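Dear colleague,

Please find the structure that I am handing over to you below. I would be grateful if you would look through it before reading my notes.

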Amino acid sequence: MARLGSVTEQTQKAGFETRAIHAGQEPDPTTGAVVPPIYATSTYKQDGVGGMRNGYEYSRSANPTRTALEECIAALEEGERGFAFASGLAAEDTLLRSLCKPGDHVVIPDDAYGGTYRLFKKVAEPWGLAHTPAPVTDPVAVQAAIRPGTTRIVWVETPTNPMLGIADIETLAGIAHEAGALLVVDNTFASPYLQQPLTLGADVVVHSTTKYVGGHSDVVGGALVVRDLDLAERITFHQNALGAVPGPFDAFLTHRGLKTLAVRMDRHCDNAEAVVEFLSNHPAVSQVVYPGLPDHPGHAVAGRQMKRYGGMVSFRVGGGEEQALRVCERTRVFTLGESLGGVESLIEHPGRMTHASVAGTDLEVPADLVRLSVGIETVDDLLADLDFSLGG
Ligand SMILES: Cc1ncc(COP(=O)(O)O)c(C=O)c1O
């Protein structure tokens, strides 16, 4: 029997879109249902003591709806094993406790999602895990932040949130491995459609599946994907021992979103490119931050490791914080809100919203910065909305 959440040889060979629709999706053996049912059950009948059917014992340990999602995301990331969690932060916390112990050290991005930073600073540090923020766009700085012998993880986001910096995954994997550490890549912003870090040498991929993977802003979730089976065993143990798993309804919604990831991502990228062009020519905008722009410092690396440049766009306005806040409050198609990666466009002020928890630290973001998650609406409506909100 294949391990739960593992990838079969057949799905490994298929194209991305085929894997998104078929990996983990064998028709139900009892009824032939094309979509795996939502297994709303906490426990499973055993055929005699210890006689489990296909490895299912109790739904914290495994549930078939969750297994289907785990197989699919593992196949899309070109990994061996996938693990689903109740949120991105639950996935991160489980990973930290699977890989680190008190006294260890990790290198983290100096431009990380605020909640990730808070996890390291307010939860992991008091527990005994030290960290050093480093710019993941600068491999020399990352190398300098490593403490040989105690650094267990080099953790990167790429593109970073919200400054859209690009980390060179292949180079950083070499640096981490040379120091005996693992490279963990938070692939939330790119999604597995645009970038597969495991194929570039990363050891673990992290997702907030709340974002592009789920894709419809209707479910919170997280995932980890690995290739190494020893690592997979450690995560399996901690996933069950800590218990931060999604229920079957959430696993179903996330998996349903994953099936359309490719078509959604292409439209997110098309619309983002049009928004970038519009903002680049707008007099109220002082800087557009997008890895697809030739003057973006990570442009060449992004071109090598990403299929396209993504749906996230950040920009700075000439009128400072006051104008940035006004822009965020005036849009009508872009919804003012946290999160990203859903079909609907969102706008936010990172300094006062997603990144408020890093104010006053090395990770503080510019006050005149606005972040867009460009959705898949009619692009002309998005451009008109931005024009209005910028006072055009
Ligand atoms: C890049 C990134 N990683 C992790 C997380 C945390 O995920 P969740 O909100 O699902 O716990 C987020 C949330 O915004 C994020 O943007």
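Predicted model: local features only at pLDDT ≥ 70, side-chain atom pairs only at ≥ 80, totals over all residues.

The ligand

Twelve positions need to be located here: the ligand is surrounded by Ser87, Gly88, Leu89, Glu92, Tyr113, Asn161, Asp186, Thr188, Ser208, Thr210, Lys211 and Gly221. By type, this shell consists of 7 polar, 3 charged and 2 nonpolar residues. Helix α4, which spans residues 88-99, supplies the largest share of the shell, with 3 residues.

In Thr210, a side-chain N or O atom is 2.7 Å from an oxygen atom of the ligand, and for Asn161 the corresponding distance is 3.4 Å. Taken on its own, the ligand has 390 Å² of accessible area, and the protein covers 91% of this.

The helix pair

Helix α4 also meets helix α5, which is formed by residues 114-127. Their axes come within 11 Å and cross at roughly 35 degrees, and the crossing is right-handed. On the α4 side, the contact is made by Leu89, Glu92, Asp93, Leu96 and Arg97. On the α5 side, the residues are Gly115, Thr116, Arg118, Leu119, Phe120, Ala124 and Trp127. The residues of this contact comprise 6 nonpolar, 4 charged and 2 polar ones. Leu89 and Glu92 belong both to the shell around the ligand and to the contact between α4 and α5.

Terms used. Residues numbered from 1 in each chain as written. Heavy atoms only, no water. Near = heavy atom within 4 Å. Polar contact = N/O pair within 3.5 Å; in protein donor to acceptor, adjacent residues only side chain to side chain. Areas by Shrake-Rupley, 256 points an atom, 1.4 Å probe, with all protein chains shown as cover. Helix = DSSP H or I, 4+ residues; strand = E, 2+ residues; numbered from the N terminus. Nonpolar A, V, L, I, M, F, W, Y, C, P; charged D, E, K, R; others polar. Axes fitted to C-alpha atoms, helices over the stretch in contact; angles between N-to-C directions. Left-handed = near helix turned anticlockwise from the far one by under 90°. Contact = heavy atoms within 4.5 Å.
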